[in-house]
Amino acid sequence: MGWDSTPEPGAFVGQLADHARQLQREARDAFERGDYTRASALIGDAELLAEDVHELVAAMERRQIGSLATLAAYDLRIDAETPPQPPARRLPLSPRALKLAIGASLTLGLALTEF
């Protein structure tokens, strides 16, 4: 059995999830028979297995996201030519401040020419 014939990780997750459900059914049957100790132990085992399945799926997702992020880093669209940047503003004033400055200078000029 070579590396190319091993099943996907999702198959193992499915088997583990099926086993957790089987443990839950056995616990239900044990509870109905009145074997509370066995039912409690089976429920604990099912919970631990369900947590392991959850962590396994989360690890698989993190790994897949990491590989996709690596592919995105090598994406050629990122290295494409960037659009030209607009020319830098020569005046550091906002349009409103510029209007006020022009108005003030015209007012001062008018006041000085009157006297």
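Met-60 is partly exposed, with 29% relative accessible area; here buried means under 20%, exposed over 50% and partly exposed in between, with a 1.4 Å probe and protein chains only. Met-60 lies in helix 2, and its C-alpha atom is 9.1 Å from that of Gly-10, a residue 50 positions away along the chain. The model is a predicted one, in which local features need pLDDT of at least 70 and side-chain atom pairs count only at pLDDT 80 or more, while totals for chains, interfaces and linings use all residues. Residues are numbered from 1 along each chain as its sequence is written, and side-chain values use heavy atoms, with hydrogens and water left out.

The overall fold is simple to read: the chain has three helices and zero strands, in the order α-α-α along the sequence. Helices (H or I, at least four residues) and strands (E, at least two) are DSSP runs numbered from the N terminus. Of the 115 residues, 10% count as buried. The accessible surface of the chain is about 10,200 Å², and carbon and sulfur atoms account for 62% of that surface; these areas come from the Shrake-Rupley method with a 1.4 Å probe, and for residues only the protein chains shown count as cover.

Two salt bridges are present, each defined as a side-chain nitrogen of Lys or Arg within 4 Å of a carboxyl oxygen of Asp or Glu. In one, Arg-21 pairs with Asp-18, with the closest N and O atoms 2.5 Å apart. Because these two residues are three positions apart in helix 1 (residues 9-33), about one helical turn separates Arg-21 and Asp-18. In the other, Arg-38 pairs with Glu-26, the closest N and O atoms being 3.9 Å apart. This pair links distant parts of the chain, with Arg-38 in helix 2 and Glu-26 in helix 1, twelve residues apart. Arg-38 is partly exposed at 41%, as is Glu-26 at 28%.

Turning to surface patches, these are made of residues with over 30% relative accessible area and no salt bridge, like charges being joined within 9 Å and nonpolar side chains (Val, Leu, Ile, Met, Phe, Trp, Tyr) within 5 Å. A patch of negative charge holds Glu-47, Glu-51, Asp-52 and Glu-55; Asp and Glu count as negative and Lys and Arg as positive, with His and the chain ends not counted, and the place of a charge is NZ of Lys, CZ of Arg, CG of Asp or CD of Glu. Asp-52 belongs to helix 2 (residues 36-73) and is partly exposed at 46%. Leu-106, in helix 3 (residues 95-114), is exposed at 59%.
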